Every structure is written in C-alpha cells, then in structure tokens.
Amino acid sequence: MVTQALISVTGSVVRVTGSGLGCPTWPECFPGSMVPVAHPEVATLHQVIEFGNRTLTGVIGFIALGCLIAAWRVRPRRPRLVRLALVMPVGVVVQAIIGGLTVRVDLAWWSVSVHYMASAVLIWLAAYLYKAAREGDRERVLVITPAMRRLLVALTAVTAAMLVAGTLVTAAGPHGGDPDTPRLDLPIPRLVEVHGLLVMAYVCLLAVFGVWLRSARPTKGLLRAYIAACVLVLAQGALGSVQYAIGVPAVLVVLHVTGSTLVIIVTALLWGESRYRGPVPAEPAPAAKAPVAA
C-alpha cells in the first residue's frame with residue numbers, strides 16, 4: 001500500500017521537474033541501454049529522476065509478488081485473500097505497460113491521466129488487501145445501515161470523479177513532465193471549478209455520513225477511517241486552494257498528489273470498515289508427534 005502510493009508521488013516529482021522523457025524510450029532507457037547514459041540533449045538529473053521512478057516499479061513488483069506468496073502460504077487457505085493479492089503483481093505489470101505507452105506517445109496528456117488513474121485503482125486495491133489481511137472470510141455483515149452503505153457508494157463515485165478532474169487540471173496546467181509536451185486545451189479556471197465542486201460534494205457526503213454515523217454503532221476502525229477522511233479532505237482542499245492561488249509551485253503539487261493518495265487509502269478503508277467479516281481464521285495447530293516406542 002505504501003509503495004503503490006509512493007510511485008504516484010515520485011511520478012509527480014517526474015512531472016514537476018520536467019523529467020518525463022529523461023529516459024526517452026521504453027523498456028530501455030536509451031536505445032541499446034537499460035540504464036541512463038550520457039546524452040547531450042538530456043540532462044543527467046532528468047535521467048536519474050525518471051530512471052529512479054522506473055526502478056521503483058520493479059521494487060513494487062517484488063513486494064507485490066511477496067504479498068501473493070504470503071497469501072498463498074496462509075493456513076487455512078483463504079481464496080479471497082489470494083485473489084486480492086494476485087491483483088497486485090498483475091496490476092504492476094499493467095501499470096508498467098501503461099507507463100511505457102506514456103513514454104512512447106511523448107507524455108500525451110491523456111496517457112498521463114490514465115497512468116495516474118491506474119495507480120489510484122491499485123492504491124485502492126492495496127488498501128483493500130491490507131484490510132482483508134486483518135479480517136476473516138465470513139459472509140459480510142454491515143455495521144452501518146443500508147442507506148449509509150449507498151452513501152458510501154456515492155462517496156466512492158465522487159472520489160473517482162474528483163481524481164479524474166484533478167488529472168485534467170494537471171493536464172492543462174504547467175507541469176506536463178516535459179517542456180515540449182502539448183497541454184490539454186481547456187480553460188484551467190473552469191477545470192479547477194469542477195474539481196473544487198467535486199471536493200465540496202465529497203465533504204458534503206462525508207458530513208451527512210457523519211450525522212448518520214451518530215445513530216449507528218460504528219466500530220473503532222470505522223470511526224478512525226471516518227475521522228482520517230475528514231481531516232485529509234479538508235487539508236487537501238486547503239492545500240489545493242493555496243496551490244492555485246500562488247501559481248502552482250512544484251513542491252505543493254507533490255504534496256497535493258501525496259494527499260490524494262492518502263484520500264484514496266482512507267476512502268477505501270472507510271468502505272472496508274463499513275462491514276464485518278469476522279476475525280482472522282486461526283492457524284491450525286501442528287499435528288502431535290506419535291510417541292516413540294521404548
């Protein structure tokens with residue numbers, strides 16, 4: 001979960017530093033070389049930043065594979081946990097291919113948006129995997145009312161729309177990953193307004209959920225996820241407003257992307273904590289050894 005979020009944050013560093021084509025080919029960094037090489041037209045720093053982001057993808061791949069192996073070794077066997085863990089390495093491969101496509105189309109704005117949204121899905125699923133590893137596999141029982149569950153569905157849909165709108169703001173903005181990358185030809189103020197309205201919708205849905213939560217019997221996990229979601233989305237809104245008002249400085253862009261990954265995580269956990277699947281199944285006791293004959 002941490003590394004899936006981290007790859008989005010380092011991706012934002014690639015964008016704001018103009019290092020998106022620091023390695024101008026894929027899967028090689030330069031034609032004939034998998035690693036950066038001295039090149040008169042590509043700054044060394046840009047190469048290092050882009051190659052570092054690619055290297056992190058490999059690290060995530062190993063961690064994802066480790067999650068799958070760990071889930072497979074759990075006893076008693078938990079098919080649901082294995083299926084969720086399997087999504088991680090498969091998702092890393094798909095994300096790497098999307099990243100390669102992004103490089104090959106010279107960071108076209110739509111490819112960068114798809115690249116980020118794929119990361120958003122993987123962050124969500126990684127958070128869900130984390131939750132699944134800490135619970136059982138019984139038939140789910142809601143700890144909130146059906147109406148509150150429907151509200152969470154709406155909150156999740158707004159979260160997705162909010163993230164898509166955020167990628168469009170970035171696509172039209174100054175940080176395209178490379179100075180020569182064409183930007184989305186839409187008015188930035190209008191895109192920011194849409195993004196801001198979706199953030200307000202998220203806050204309103206969260207507020208209604210909180211009012212209804214008072215009449216339910218929430219678990220400690222659900223309360224923690226709810227409080228975290230409230231704090232993070234308000235901080236994100238404030239940060240985004242400041243960022244826009246002072247000209248979208250690079251540091252604040254990176255912080256805003258970091259906040260977006262945290263919002264994804266807490267929203268996923270809020271969804272997961274809204275139902276109960278029982279405790280983690282106990283590992284079977286080792287078989288007793290047969291007595292040795294005298």
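Q: How do the axes of α1 and α8 cross, and within what distance do they come?
A: In this predicted model, the axis of α1 and that of helix α8, which covers residues 250-272, come within 9 Å and cross at roughly 160 degrees. Because angles over 145 degrees count as roughly antiparallel, α1 is roughly antiparallel to α8.

Q: And is that crossing left-handed or right-handed?
A: The crossing of α1 and α8 is right-handed.

Q: Which residues make the contact?
A: On the α1 side the contact is made by Ala5, Ser8, Val9, Ser12, Val13, Arg15 and Val16, while α8 contributes Ala250, Val253, Val254, Val257, Thr258, Thr261 and Ile265.

Q: What's the make-up of that contact by class?
A: The contact of α1 with α8 has nine nonpolar residues, four polar ones and one charged residue.

Q: Switching topic, how many cavities of 30 Å³ or more does the structure hold?
A: The structure holds one cavity of 30 Å³ or more, and about 50 Å³ of space lies in the largest cavity.

Q: Which residues line the largest cavity?
A: The lining is formed by Gln4, Ile7, Thr57, Ile60, Val92, Gln95, Ser119 and Leu122.

Q: Which helices do the lining residues come from?
A: At least two residues of the lining are supplied by each of α1 (2-16), α2 (44-73), α3 (79-104) and α4 (109-132).

Q: And how many of the lining residues are nonpolar, polar or charged?
A: By class, the lining of the largest cavity has four nonpolar and four polar residues, with no charged residues.

Terms used: Residues are numbered from 1 along each chain as its sequence is written. This is a predicted model: local features need pLDDT of at least 70, side-chain atom pairs count only at pLDDT 80 or more; totals for chains, interfaces and linings use all residues. Side-chain values use heavy atoms; hydrogens and water are left out. On a 1 Å grid over the protein atoms alone, a cavity is a set of points where a 1.4 Å probe fits but cannot get out, and a pocket is an open set with protein on both sides within 12 Å along at least five of seven lines; lining residues have an atom within 4 Å of a point. Grid points are joined across faces, edges and corners, and a volume is the space filled by probe spheres set on the points. Helices (H or I, at least four residues) and strands (E, at least two) are DSSP runs, numbered from the N terminus. Ala, Val, Leu, Ile, Met, Phe, Trp, Tyr, Cys and Pro count as nonpolar, Asp, Glu, Lys and Arg as charged, and the others, Gly among them, as polar. Axes are lines fitted to C-alpha atoms, for helices over the stretch in contact, and angles run from 0 to 180 degrees between N-to-C directions. Angles under 35 degrees count as roughly parallel, over 145 as roughly antiparallel, 65 to 115 as roughly perpendicular and the rest as oblique. A crossing is left-handed if the near helix is turned anticlockwise from the far one by less than a right angle, and right-handed if clockwise. Contact means heavy atoms within 4.5 Å.
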